[in-house]
Amino acid sequence: MSDDDADDADDTDDILDYFNRSPFRDLLDIEVTEAAEGRAVGRLQFGEKHSSNRRQAIAQGGVAFSLADSVAGAAATALVGFPTPTIDFRIDYLAPATDDLVATAETVREGGETAVVDVEVVQPDGDADEFRRDTEADDDAESRTVAVGRGVYKTSDLPDDAPWDLDQGE
C-alpha cells in the first residue's frame with residue numbers, strides 16, 4: 001500500500017467516523033458504510049420509531065430524507081476531505097418505505113464553491129447488507145426505489161469558527 005493509499009484510507013475512516021458519531025443519525029439508526037471519491041453508501045435499520053402510522057409500518061417521509069441527505073453529504077465530504085454543509089436538498093418520494101433502506105449517492109458536479117450530489121434510496125428485498133454486497137456485482141439485485149434526491153453542498157473553505165470539522169473538536 002502506498003502512502004497515498006494509506007492517507008485515503010485514513011480520510012475515509014475519518015469521514016465515516018464523523019458521520020456515524022452524529023447524535024441525530026444515531027437516533028434514526030443511520031449508518032454511512034462507504035465514503036470515497038465523491039461516492040457514498042449508507043443504510044437505515046427500519047424500526048417502529050420510524051413509522052408515521054401506529055397500525056402499519058410506513059416510514060415518515062423525513063426518515064428517507066434524513067438518510068438521503070446524510071449519505072449525499074458524505075459523498076460530497078469524501079470528494080473534498082472536509083465537512084460540507086447542505087445548501088439545498090430536494091427529494092421525490094416514489095413508494096412507501098416499510099423496511100430497512102439503503103442509499104447510494106454520487107457527486108455529479110463539483111464547481112469549487114459547491115457540489116451537486118444525486119442519491120437514490122431503495123428498500124432491498126431481503127437483508128440490506130446482503131443487498132449492498134450484491135449490487136456491487138449485480139445490477140439486477142432485487143429492490144424497490146422509494147425516493148430519489150439531489151443535494152447541493154458547500155465545498156469552498158469553511159470559516160475557522162464553523163461548527164463542522166472531521167475531528168468534532170476532539
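Colleague: Which residues have the most contacts inside the largest nonpolar core?

Modeller: In this predicted model, Leu 67 and Val 121 have the most contacts inside that core, which holds 34 residues.

Colleague: What does Val 121 touch?

Modeller: Leaving aside residues up to four places away in sequence, Val 121 touches Ala 64, Leu 67, Ala 68, Leu 101, Val 102, Ala 103, Arg 144, Thr 145, Val 146 and Ala 147. These count as touching because they have heavy atoms within 4.5 Å of Val 121.

Colleague: Let's step back to the chain. How many helices and strands does the chain have?

Modeller: There are four helices and six strands. From the N terminus on, they run α-α-β-β-α-β-β-β-α-β. Of the 170 residues in the chain, 40% count as buried. Among contacts between residues at least 6 apart in sequence, 66% join residues at least 24 apart.

Colleague: In what order do the strands lie in the sheet?

Modeller: The six strands form an open sheet in the order E1-E2-E4-E5-E6-E3, and the pairing is antiparallel.

Colleague: Why do E1 and E3 count as edges?

Modeller: Each of them has a single partner strand, so one side of E1 and one side of E3 are left without a neighbour in the sheet. Going from one strand to the next, the twist averages 20°.

Colleague: How do you know which strands pair?

Modeller: The cut-off is at least two bridges between two strands. Let's go across the sheet. E1 and E2 are joined by six bridges, running antiparallel, and six bridges is enough to meet the cut-off. Across this pair, Ala 36 stands opposite Arg 39 in E2. E2 and E4 also pair in the antiparallel sense, over six bridges, with Ala 40 opposite Ala 105 in E4.

Colleague: How many bridges join E4 to E5?

Modeller: Eight bridges join this antiparallel pair, and Thr 107 has Val 117 in E5 as its bridge partner. E5 and E6 pair over eleven bridges, in the antiparallel sense; here Thr 114 has Lys 154 in E6 as its bridge partner. Seven bridges join E3 to E6, again running antiparallel, and Ile 91 stands opposite Gly 149 in E6. Each of these pairs passes the cut-off of at least two bridges, therefore each counts as paired.

Colleague: What lies between the strands of the E4 and E5 hairpin?

Modeller: Three residues lie between those strands, and Gly 112 in the turn has a positive phi of about 95°. The hairpin of E1 and E2 has two residues between its strands, and there Glu 37 takes a positive phi near 55°.

Colleague: What makes Asp 29 count as partly exposed?

Modeller: Asp 29 has a relative accessibility of 30%. Buried would need a value under 20% and exposed a value over 50%, so Asp 29 falls in between. Asp 29 sits in the loop between H2 and E1, and its phi, near 60°, is a positive value in a residue other than glycine.

Colleague: One last stop, the second largest pocket. Which residues lie nearest its centre?

Modeller: Phe 19, Arg 25, Thr 84, Pro 85 and Thr 86 do, out of 15 lining residues. They count as lining because each has an atom within 4 Å of a point of the pocket. H1, H2 (23-28) and H3 each give two or more residues to the lining, and the largest share, five residues, comes from H3. The space in this pocket is about 210 Å³.

Definitions and conventions: Residues numbered from 1 in each chain as written. Predicted model: local features only at pLDDT ≥ 70, side-chain atom pairs only at ≥ 80, totals over all residues. Heavy atoms only, no water. Core = buried A, V, L, I, M, F, W, Y, C linked by side-chain atoms within 4.5 Å. Buried < 20%, exposed > 50% of the residue type's maximum accessible area, 1.4 Å probe, protein only. Axes fitted to C-alpha atoms, helices over the stretch in contact; angles between N-to-C directions. 1 Å grid on protein atoms, 1.4 Å probe; cavity = no way out; pocket = protein on both sides within 12 Å on 5 of 7 lines; lining within 4 Å. Points joined across faces, edges and corners; volume = space filled by probe spheres on them.
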